[in-house]
Amino acid sequence: MSPGRHLTTLVLLALGALAVPAHAATIQIVMENLVVSPAEVSAKVGDTIEWINKDVLAHTATAKNGDFDVTIAPKKTVTSVLSKAGTVDYFCRYHPNMKAVLKIAP
Amino acid sequence: MFVRLSIAVAALSLLGSAALAQGAKPTDPQIAHIAYTAGVIDINAAKQAESKASSKEVKAFAQDMARDHEAVNKQALDLVKKLKVTPEDNDTSKTLSKQAADKLAELGKLKGAEYDKAYIANEVAYHKAVNSALETQLIPSASNPELKSLLQTGLKLFQGHQQHAEHVAASLK
């Protein structure tokens, strides 16, 4: 294999890795009895969050900085993909005592 | 305003002691009836507020109350059905309903910002009274663990409502 060919392979591999992050994970965050757990979650851009609402009450996951606002109907699960890095404090608009943190790495 | 509020609070505390004055611990069918009645009262107050309130924040609060209390009451109905318990009317439920009907009529006469303030002040006082009744009387008296657990979830929810109401009340000043 010529050095040039080798380089091309490497570049293609790198591009592939960029297009499909090998480690995109699915993370579950549960809302039950008016508590969000885990209260602190570390994730990466591209990861999927499964918001699981086990209560009979509607909840939201609303970012303080406006990055996301997800409404989860009673006994439903909603998924969303993280698109922006940052440490985001979020709460439920209907039950402001429900608070948690999402640490999103780039 | 202050006079009216203190009368309302006095009436609610009387109500708490009236409930306690019965002496005997309320039974599960009575507790279920009291809890359900307390929910219906707040739903009715919320429905009135949804049509009468002028502040956007007060309206949104009323919508939250209607949604949450309807959900909890539905859960309570499902539970009593499952447990084959028939909620039993009692003096506490009757006093609560009578008091609430009077309050609804009184609030019905108010308009605009005056109504908003009076509704929210009553929501603060009402949730306080209900939470204290749950904590000191209903939860300790409940014998079925599922009923107890539903009341405990209710308490947590209504404490949140009380804080929310206090927050809205402060913003109206």
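View 1. Helices (H or I, at least four residues) and strands (E, at least two) are DSSP runs, numbered from the N terminus. This is a predicted model, in which local features need pLDDT of at least 70 and side-chain atom pairs count only at pLDDT 80 or more, while totals for chains, interfaces and linings use all residues. Residues are numbered from 1 along each chain as its sequence is written, with chains lettered from A and ligands numbered from 1 in the order in which they are written.

**View 2. Where chain B meets chain A.** Here 13 residues from chain B and 10 residues from chain A take part in the contact (C-beta atoms, placed from the backbone, within 7 Å). On the chain B side, α3 (56-83) and α6 (145-172) each supply at least two residues, and α3(B) gives the most, with seven residues.

**View 3. The open sheet of chain A.** Five strands run in the order β3-β9-β8-β5-β6, with mixed pairing (strands pair if DSSP finds at least two bridges between them). β3 (40-44) and β6 (69-72) of chain A stand at the edges with a single partner strand each, so one side of each has no neighbour in the sheet.

**View 4. β5 beside β8 in chain A.** Strand β5 (residues 59-63) and strand β8 (residues 86-91) of chain A pair in the antiparallel sense over two bridges. Look for A63(A), which stands opposite Y90(A) in β8(A).

How values were computed
Two residues are in contact if their C-beta atoms, placed from the backbone, lie within 7 Å.
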